[in-house]
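Please read them alongside the model.

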Amino acid sequence: MARQPPVGAALGGGGARGASHIGVLQAFEGNGVTLAAIAGTSAGAVIGAMYAATLDAGWVRERYLSYLKSETFRSLGTHHILREQDGKDSFLNQVGRFVKDRMVISLAARRHGIIDRQKLVNAIRFLLPAGSFDELKIPLYVTSTDLNSGEEIIADRGDLVEAVVRSSSIPGFVKPLETGDQIVVDGGVSSPVPVRALQKGEVEITVAVDDPKSVRLTGLNSGAQISSSPQGGKLPRMLCLNSTG
């Protein structure tokens with residue numbers, strides 16, 4: 001039997017749409033693909049942590065659905081935030097998004113947030129069956145961003161909940177964490193799809209899973225495509241997927 005090369009998945013952000021990563025994980029299981037490692041940012045960090053703790057996409061799906069029906073989700077208040085509309089923008093949608101964007105920029109500049117950070121912590125604790133990286137069944141790399149330097153921060157040990165909360169702290173919506181000379185926010189700011197975080201592991205093939213409305217990588221519109229590694233082959237071979245394809 002041919003040896004399966006170690007496969008790693010890099011799960012991008014995308015807010016609530018990031019839950020579509022669950023379908024990708026189910027597809028891996030359905031095709032007998034065992035993941036050797038996961039890297040995640042923002043929503044991808046949440047789903048990635050849930051899966052790395054269980055290796056059970058069915059459990060992840062049921063837990064996520066349970067969360068959407070819970071008081072923990074309702075108390076977060078995210079359903080009050082103006083949502084983007086699919087299809088062509090109307091004039092009112094454009095005005096609404098303009099106002100929302102200016103409000104977010106203003107709040108980020110003042111280091112305030114719409115969502116209470118402790119409520120985000122409670123939500124992550126509800127979703128994750130593990131509190132530490134040591135409890136995970138496969139390696140997980142959670143990315144966040146230092147706003148001062150613009151650099152990606154990669155967490156792979158210690159407090160899992162705190163790492164995922166940092167990765168999910170969207171500027172303007174969640175108050176950033178200030179630690180030392182760093183201001184830590186959502187990982188998608190520096191790396192919308194955290195492919196490079198998987199360089200810390202021993203994977204030979206990286207599956208980059210983009211959100212349908214976030215920054216796209218070459219070939220994503222076609223659903224899936226093997227692409228050559230950028231920057232002189234410093235990255236593993238990559239299979240790029242759109243999580244709706």
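1. At the start of helix α7, a side-chain oxygen of Asp-159 comes to within 3.1 Å of the backbone nitrogen of Val-161. The model is predicted, so to speak of local features pLDDT of at least 70 is needed and side-chain atom pairs count only at pLDDT 80 or more, while totals for chains, interfaces and linings use all residues. Residues are numbered from 1 along each chain as its sequence is written, and side-chain values use heavy atoms, with hydrogens and water left out.

2. Helix α7 spans residues 160–167, and six of its eight residues are buried (under 20% relative accessible area, with a 1.4 Å probe and protein chains only). Helices (H or I, at least four residues) and strands (E, at least two) are DSSP runs, numbered from the N terminus. The buried residues include Leu-160, Val-164 and Ser-167, and their cover includes β2 (35–41), α6 (117–127) and β3 (140–146).

3. Strand β2 is largely enclosed by the rest of the structure, because six of its seven residues are buried. Strand β2 pairs in the parallel sense with β1 (residues 7–11) over five bridges and with β3 over four bridges, where pairing requires that DSSP finds at least two bridges.

4. Thr-143, in strand β3, counts as buried because its relative accessibility is 0%. Thr-41 stands opposite Thr-143, and their side chains make a polar contact at 3.1 Å (a pair of N or O atoms within 3.5 Å; within protein, one must be able to donate a hydrogen and the other to accept it, and residues adjacent in sequence count only if both atoms are side-chain atoms).

Key. Buried means under 20% relative accessible area, exposed over 50%, partly exposed in between (1.4 Å probe, protein chains only). Contact means heavy atoms within 4.5 Å.
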